[in-house]
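Hi,

Here is the structure I promised to pass on to you. Have a look at it first, and then read on for what turned up in it.

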Amino acid sequence: MEYIYNLFKDWANAGYLPSIFEHAFMVRGLLAALIIGPLLGAVGTVVVTKKLSFFTQTIGNAAMSGVAIGLLLGEPADGTYAGLYGFCLIVALLMTFVKNRTHLANDTIIGVVLAQTLGLGIILMILVTSQFNIHQVEGILFGSLITLNDNDLIVLAVSALVVGILFACNFNRFMLASFNKTLAKARGLSPVFLEYLFVVLMTTVVVASLKLIGSLLVLVLIVVPAAGAQLISANLRCFVWLSVLFSTISTVVGLLLSGILPVPSGAVIAVVSSLLFYSALFLRPLLLRGGPNQGEV
Amino acid sequence: MTETAQPNLLEVKDLSVTLRGNRILERINLEVKKGHIHALTGPNGAGKTTLMRSIMGGMPHQGTIRFLFRESCRLGYVPQFLEFDHSVPITVFDFLFLMLKKVPVFLGRRRAMRERITQILTATNCAHLIDRSVGQLSGGEFRRVLLAQALEPKPELLLLDEPASNIDEVGIRQFEEMLVKLRDEHGITILMVSHSLDMITRVANRVTAINRSIFYDGSPDGLTHFDLQQQYKILG
């Protein structure tokens, strides 16, 4: 990693890159943004289609409890991954199980779990640390570029690689099962299995991106780029690639701004992402002048 | 070949379905002959769609369902409704791509697939819809697209759930012609749910009328509007 940091430092000194890239944490942030941005953009298209936006928020909220459980398990404060992945996956699978076994609406189940996970997280955090450490809570909620270390980057890269491959291999199946379960079954697919698989992939990528974006704002990056892309896309190919583009621009520009301004990276990413969404909204009449979904884009 | 000489393609024996304590279907016995258009009819809530879903394997049931496939061993299915978010930007091309290819639709080679999908849509006279958004299709257009997807790869048994619903009279006649062509020229056996006795009389070889249990099973000519109306009264 030192080689990469030095390379960026040399480029920054030579004037090819902004001077903030003299700092290793900015290079780590940029690499993380380049890994997570495209992936969240692509995953977001299925999240929006399956109407799982607030499911994502629940996973983010569960992160607070996950961090506390990680600390209880004796994990270091800057790397509570067993607690995070373990608890968030349990919450995600539990919600999917309840949805498939009851007739409760998706938003009802999310409503029940959403508040519980955040409340439980705050209680556990105070009990574990014996004090209310606002900086620690702030880091989880809004993301912190400074605390991102090499291990986080490795976890992020490995998670993104596994999720990216499985997501791409199953994208058509996820979309078809979202469209109509009976039709998917007629094609030999198992919509229930696909739902569990997607939830696991989504949770994995959400947890991996928490340090950069924060649990409160991860929803923004997974939903807003896809929503903006949906507004101006004529077909699925365009939908996915535009969402990837919006998400990548949001993370990279947000990161650069957070390196200059004294604000959390997640908050700036959220604002940039929203600006792109409103741009798409205002450009929509121009881009889809022939009527939405006419021809290929 | 006479009707009795045709081999069975589907056999349903003593099929019963109970959902949340309610008996939806009661001891249904059904035989679908190879090369036939077999209609299922009956009042709303009679259990027709439940029977279709049981045959599809998506409904817990008692009794047995046997497929006696000899060729492709494949079921094609056209659902009654396809509820989806109409704001999702998915074209007819995308819709068929999702079902036919494993390569993700955003990475796939579109030119080669475009030719293949155009060919598939031509079978149901809807190749011109290839770039239209699925959410913007009329009921009749969407039915033809759904039928096209069900025919690729060629099924041995085609299940149609109310294929004539939300289609005007001209559209219904075109659809009937397509069904007869599929049966006579391509040898596809069809099991369809329909409320239209006129349509059943025009195209079906056999009809089974159910209202929780079977109340008629035989030639379409033997079933009258009066018989059906009597069942509607029982239900209503």
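Let's start at Thr124(B), which touches Arg144(B), Leu147(B), Ala148(B), Leu151(B) and Met178(B), leaving aside residues up to four places away in sequence. You will find Thr124(B) in the loop between H3 and H4 of chain B. Its relative accessible area is 0%, so Thr124(B) is buried. Please keep in mind that this is a predicted model.

**Where the two chains meet**

The contact between the chains involves 43 residues of chain B and 31 residues of chain A. Together they bury about 3200 Å², and carbon and sulfur atoms give 59% of that area. On the chain B side, Pro89(B), Leu98(B) and Phe106(B) lose the most area to chain A, together 24% of what that side buries.

What holds for charged and polar pairs here? Several elements of chain B take part: E5, H2, helix H3 (110-122) and helix H4 (139-150) each supply at least two residues of the side that touches chain A. H2(B) gives the most to that side, with six residues. Sorted by class, the side of chain B that touches chain A has 24 nonpolar, seven polar and twelve charged residues.

**Salt bridges**

Over all chains, the structure holds twelve salt bridges. One of them joins the side chains of Arg27(B) and Asp14(B), at 3.5 Å from N to O. This pair links distant parts of the chain, with Arg27(B) in strand E2 (residues 22-33) and Asp14(B) in strand E1 (residues 8-19) of chain B, 13 residues apart. Arg27(B) counts as exposed, at 52% relative accessibility, and Asp14(B) counts as partly exposed, at 34%.

A salt bridge also forms between Glu152(B) and Arg116(B), whose closest N and O atoms are 3.2 Å apart. Because Glu152(B) lies in the loop between H4 and E6 of chain B and Arg116(B) in helix H3 of chain B, the pair ties together parts that are 36 residues apart in sequence. Arg116(B) is partly exposed, with 32% relative accessibility.

The side chains of Arg132(B) and Glu141(B) meet in a salt bridge too, at 3.3 Å from N to O.

**Backbone features to look at**

Glu152(B) comes up again here, as a cis peptide bond joins Glu152(B) and Pro153(B), with omega at about -5°. Pro153(B) sits in the loop between H4 and strand E6 (157-161) of chain B.

Arg212(B) is not a glycine, and yet it has a positive phi of about 75°. Its place is in the loop between strand E8 (206-211) and strand E9 (213-218) of chain B. With 42% relative accessibility, Arg212(B) counts as partly exposed.

In chain A, Lys51(A) also has a positive phi, near 55°, in a residue other than glycine. Lys51(A) belongs to the loop between H2 and helix H3 (53-72) of chain A, just after H2(A). At 52% relative accessibility, Lys51(A) counts as exposed.

How does the span of helix H2 of chain A agree with its 26 residues? At 1.5 Å a residue, H2(A) (residues 24-49) should span 38 Å, and its end C-alpha atoms are 38 Å apart, which agrees.

**One last residue**

His86(B) lies in the loop between strand E5 (75-78) and helix H2 (92-100) of chain B. The side chain of His86(B) reaches the backbone oxygen of Gly135(B) at 3.3 Å. His86(B) counts as partly exposed, at 48% relative accessibility. From C-alpha to C-alpha, His86(B) and Gln6(B) are 43 Å apart in space, and they are 80 residues apart in sequence.

Enjoy looking through it!

Best wishes

Methods. Residues are numbered from 1 along each chain as its sequence is written. Chains are lettered from A and ligands numbered from 1 in the order in which they are written. This is a predicted model: local features need pLDDT of at least 70, side-chain atom pairs count only at pLDDT 80 or more; totals for chains, interfaces and linings use all residues. Side-chain values use heavy atoms; hydrogens and water are left out. Helices (H or I, at least four residues) and strands (E, at least two) are DSSP runs, numbered from the N terminus. The expected span of a helix is 1.5 Å times one less than its number of residues. Buried means under 20% relative accessible area, exposed over 50%, partly exposed in between (1.4 Å probe, protein chains only). A polar contact is a pair of N or O atoms within 3.5 Å; within protein, one must be able to donate a hydrogen and the other to accept it, and residues adjacent in sequence count only if both atoms are side-chain atoms. Contact means heavy atoms within 4.5 Å. Buried area is the accessible area (1.4 Å probe) that two parts lose on being put together, summed over both. Ala, Val, Leu, Ile, Met, Phe, Trp, Tyr, Cys and Pro count as nonpolar, Asp, Glu, Lys and Arg as charged, and the others, Gly among them, as polar. A salt bridge is a side-chain nitrogen of Lys or Arg within 4 Å of a carboxyl oxygen of Asp or Glu.
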